[in-house]
Amino acid sequence: MASAAAEVPSYFVCPISLQLMRDPVTLPTGISYDRAAIARWLAAPGARRTCPVTRQPLEHGLELTPNHTLRRLIQSWAASVSPGSAVDEEVAALRPVSSDEVASLLSDAAAAQVGALRRLRELAAECEDSRAMLESQGGVFDVLSRVVTSGSACSTAREEAVGVLASLRIPEQELIGVSTRHGNLAESLTAVLRSSNLQSRAHAVQLVRTLADAVVPAWVIGLNAELLAEVVGVVRDRVSARATKASLHALAALCPYGRHRVKIVGAGAVATLVELLLDEPERRVCELALAVLDRLCTCAEGRAELVAHAAGVAVVGKKVLRVSEAASERAVRVLRSVARHAATPAVLQEMAQCGVVGKLCLALRSEQCGVKTKEKAHEVLKLHSRVWRASPCLSPSFLALYPS
């Protein structure tokens, strides 16, 4: 005779869904929720930016912190439930996966079986232990890369394989090996970035970021304009906040390569970044966007695109003293590039009219700016002092701050 259904401990239950938590995450208030439930709460119409239990306000764009300890406790409890109990399928699914199960899934994934690839992606996202077990499987990175670059695998299988790879921590030596052995990796990622599936695009750009951050020579040399254009497209299309950050990180890592910088500008990156800054993004996104813009403006093509945009110079100046010290430094660097290399009479007049010159004057006296930022602001103001000090657009209050 089967025993009664196992009673779920109250602290394993999500306060929102009242169901056993599968992926517990903790808010800054200290309360844990199931990731799916709190994500729905935060995304609900009306933008309820409060903790459901404590009602404390939450910052916009906060990161949900995985509660690995609680996850392990739930898994241990699920594993301890008597086999004869009327255990819910949801509880049974929480039992830790074995190494043999992972190896079997990987074998099926090598044959580009979508179900196996999807299950591997779920395991990688579930918890630290499952991801570590998958990463420890011999040849896992090569197996998944072969699926991504396979000409015979269906597009869904390739997208799922990219999703798994994007979830794993790939050692640098493995990255070098994968990029060397799979010469068409960049081309394959370009195809996934063109997918209509937004999640697949987000996964692909995460993988591009991983490769870009590692600066794998074999992969970097093989980059084409098409892939760079698709990475810019992820920012332009606002695929997701995380995907936007990954794209900006990737672009920043690739900008130091001269040929790539020109290709990125050619893909419309400058206009895309200006539009992003106009949307008043969160602090970190703003800092990353300005960092990429700073690097793009080290080439003539980037500066030309910025000054040609109706809001380009103005929006950069607007970010000085408004976001963070890092954002101010990057913004002043961009303005210095423009002032030194693209300072036509029209541009100088625009900088005075839209308040850029006034912001630079304020930066000289602000405690929010570091020494280097102040030095760059001083350099720009001295460079065109004759024009700007005589400009009717500069108020007496700013003239009093203007360096002599």
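Reply: Each axis is a line fitted to C-alpha atoms, for helices over the stretch in contact, and the angle between two N-to-C directions runs from 0 to 180 degrees. Please keep in mind that this is a predicted model.

Me: Okay, at what angle do α4 and α7 pack, and how far apart are their axes?
Reply: Helix α4, residues 99–110, packs against helix α7, residues 140–149, at an angle of about 30°, and their axes are 9 Å apart. Angles under 35 degrees count as roughly parallel, and α4 and α7 are therefore roughly parallel to each other.

Me: Is the crossing of α4 and α7 left-handed or right-handed?
Reply: The crossing of these two helices, α4 and α7, is left-handed.

Me: Which residues meet there?
Reply: From α4 the residues are L106, A109 and A110, and they meet V140, V143 and V147 of α7. By class, this contact of α4 with α7 has six nonpolar residues, with no polar and no charged ones.

Me: Switching to aromatics, how many aromatic pairs does the structure hold?
Reply: The structure holds two aromatic pairs. One of them is formed by Y11 and F12, which is edge-to-face, with 4.8 Å centre to centre and 80° between the planes.

Me: And is Y11 buried or exposed?
Reply: Y11 is exposed, since its relative accessible area is 54%, whereas F12 counts as buried at 4% relative accessibility, the cut-off for buried being under 20%.

Me: Which residues form the aromatic cluster?
Reply: Y11 and F12 form one aromatic cluster together with W77.

Conventions. Residues numbered from 1 in each chain as written. Predicted model: local features only at pLDDT ≥ 70, side-chain atom pairs only at ≥ 80, totals over all residues. Heavy atoms only, no water. Helix = DSSP H or I, 4+ residues; strand = E, 2+ residues; numbered from the N terminus. Parallel < 35°, antiparallel > 145°, perpendicular 65-115°, else oblique. Left-handed = near helix turned anticlockwise from the far one by under 90°. Contact = heavy atoms within 4.5 Å. Nonpolar A, V, L, I, M, F, W, Y, C, P; charged D, E, K, R; others polar. Phe/Tyr/Trp six-rings, centres within 6.5 Å; stacked < 30°, edge-to-face > 60°. Buried < 20%, exposed > 50% of the residue type's maximum accessible area, 1.4 Å probe, protein only.
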